[in-house]
Amino acid sequence: MSTAEVLIAGAGPVGLCLALALDQQGVRVRLIDKEPSFSGESKAVTIQPRTLEIFQMLGVSDRLMKDGVVNPVMNMHVGRKRVTVLRYDRLETAFAFYLHLHQGQTERVLVQALGERGITVERSTALEGFEQDAAGVTARLVRAGGEREEVRVPFLVGCDGGHSQVRAVLDLGFKGARYDDNWIMTDVRIPNMSLARDERHGFILDRFPFVVLNLGNDSYRLIAARPPGSPLTGQVPTLEEFREIMTPLGLGHWKLEDPLWLTHYNPSQRLVSQYRVGRVFVAGDAAHVNTPIAAQGLNTGALDAVNLAWKLRLAVRGKASTALLDSYHAERHAAAVTMFAQNDRLTLLVFGANPILRFLGRKQLHLLNVPALNLKNVMGTSQLDLHYRRSPVVQTAMDPSGTRASLAAFEWGRARPGDRAPHCVLDAEKRTAMYEVLRATHHTLFILGGAKPDPARMRAVAAHAREKHGEWLIPHFVFHGQTPPGFDAGGTGAVWRDADGKVHQALGAKGAGCVLIRPDAHVAARFPLDAPAGLDAYFNALLT
């Protein structure tokens, strides 16, 4: 009989991320993968700012930064002429850049972090099948030598890729389409690179794009697409094919050496019909596969994992309401639909055969020289503007009275329930940023004093929160101006001095009030100091 509370099938980045998040919350996990070792292929190489924020909460962002290459901008060319620069370095986050590193390096960092916590990946172990009932899941495992094992667990999560066995057993629909475009890609050494090495480069050519991404140590990823009707379609590309693309761009002098891989594929977009069936869930490529045009795959999967982890923690403790477990599908399926629509639009503008759409795509590049439009674009592709405002388990859906109260206490346009928790510095002297304090293990309650703080009322809210919901949250006090002499936080959380009021502003507080942040760094609820019932209403909806 297994002692695991969650069985995770698939030990790619998504399964590893989920295992780490669950273990940090005290949930016993078992992680299996049918492959005998890491893939030697580099696969996904881009980690976006939002994913790095999540990895910081999981304690691995510094390790990834050490291994990766920071890319703060992307230069966009039409032919040989640069027409705009996508400015990731202007994003409001501690990670105002895209990080490039091979997927295998990302996996090794996560495996190391799990190993330090006593968790190992059971390799060469496949999920053969499973059945579930009201009390749990019975899974059948088979190892490479033919040895079989039957395990009983409360929950199963399929992170087992685009050909997911979990999805197949559940007989879930996986609708979508495959594009006709034949993409080619290589990871190759270029010792005489002549473009800016710490930047991304994209070229929109007459019939296809060409992209250059720096992977460090003189290695680069080159991506292109063959024109429609190319006689090479379906064949493994050669370095000579890439040279032919590069030569008209004035890049034909580059030395292309020691390719790690040369590959081609026809991208597709497919989305599962349900992310949850009873006690079984799917995440990552098991739930969605998409074109790599905006580097969303690994990143979307990591956000699946951190969204699901805290809900499963409550579930294995027997505390999660049905609405909370259902919210995993409601939130993440909607996020994937939005991402797919963006990818479809970009694909048609960049790859499409319609000359009018391609012309409009080039015109849009020029519009991105307007700073506001540039920022809006990179906020979308970096997933920093992702929100769950329509989720059934944020305050706006659960507590209309609390919503009306927050209208008076907060600016409605900032940090609304469901929004990503904003980046800000909590204490100017300590230089502590928001995401250094947020934890993937608990909700975080910020009790804001406003311009004229009332320490007694603030302590009363914290006492109420600890008494009613102390197992699930950590309170923090934020004073606008000086911290009252001798103020005691009560043994939990911390006290922060918001000298210039920017923390209050970032959280949308007009004065005193409370903002509750979920373990996946999204705003859960907001309420005035004299209305702690808003906190109760939120947890009453989450918990059985």
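# Close-up views of a predicted model

**View A. Both Tyr275 and Tyr328 are buried.** Buried means under 20% relative accessible area; exposed means over 50%, and partly exposed lies in between (1.4 Å probe, protein chains only). This is a predicted model: local features need pLDDT of at least 70 and side-chain atom pairs pLDDT 80 or more, while totals for chains, interfaces and linings use all residues. Residues are numbered from 1 along each chain as its sequence is written, and side-chain values use heavy atoms, leaving out hydrogens and water.

**View B. Aromatic rings pair up.** A search of the whole structure finds 10 aromatic pairs. Rings of Phe, Tyr and Trp (its six-membered ring) pair if their centres lie within 6.5 Å; planes under 30 degrees apart are stacked, over 60 edge-to-face, and the rest tilted. Phe95 and Phe97 have ring centres 6.2 Å apart and planes at 80 degrees, so they form an edge-to-face pair. Both Phe95 and Phe97 are buried. Tyr275 and Tyr328 have ring centres 5.5 Å apart and planes at 70 degrees, so this pair is edge-to-face. Tyr275 lies in the loop between strand 18 (268–272) and strand 19 (276–277), and Tyr328 lies in helix 8 (residues 322–351), so the pair ties together parts that are 53 residues apart in sequence. Helices (H or I, at least four residues) and strands (E, at least two) are DSSP runs, numbered from the N terminus. Ring pairs link Phe155, Tyr275, Phe281 and Tyr328 into a cluster.

**View C. Two arginines sit over rings.** The charged end of Arg279 sits over the ring of Phe155, 4.9 Å from its centre. The charged end of Arg167 sits over the ring of Phe174, 3.7 Å from its centre. The test asks for NZ of Lys or CZ of Arg within 6 Å of the ring centre and within 35 degrees of the ring normal.

**View D. Strand 18 is mostly covered.** Here, 4 of its 5 residues are buried. Strand 18 pairs with strand 12 (residues 174–178) in the antiparallel sense over 5 bridges. Two strands pair if DSSP finds at least two bridges between them. Gly176 stands opposite Arg270 in strand 18. Strand 18 also pairs with strand 21 (residues 288–289), antiparallel over 2 bridges. There, Leu271 stands opposite His288 in strand 21.

View E. Strand 13 (residues 182–189) and strand 16 (residues 219–226) pair in the antiparallel sense over 8 bridges. Met185 has Ile223 in strand 16 as its bridge partner.

**View F. Gln395 reaches a backbone oxygen.** Gln395 is in helix 11 (residues 395–398). At 1% relative accessibility, Gln395 counts as buried. Its side chain reaches the backbone oxygen of Arg526 at 2.7 Å.

**View G. The structure holds 0 disulfides.** A disulfide is a covalent bond between the sulfur atoms of two cysteines. The cut-off is a pair of cysteine sulfur atoms within 2.5 Å. The closest cysteine sulfur to that of Cys159 is in Cys17, 9.2 Å away, too far for a bond. Cys159 is buried, with a relative accessible area of 9%. Cys514 is in no disulfide; its nearest cysteine sulfur, that of Cys424, is 16 Å away. Cys514 is buried, with a relative accessible area of 0%.

Notes:
A polar contact is a pair of N or O atoms within 3.5 Å; within protein, one must be able to donate a hydrogen and the other to accept it, and residues adjacent in sequence count only if both atoms are side-chain atoms.
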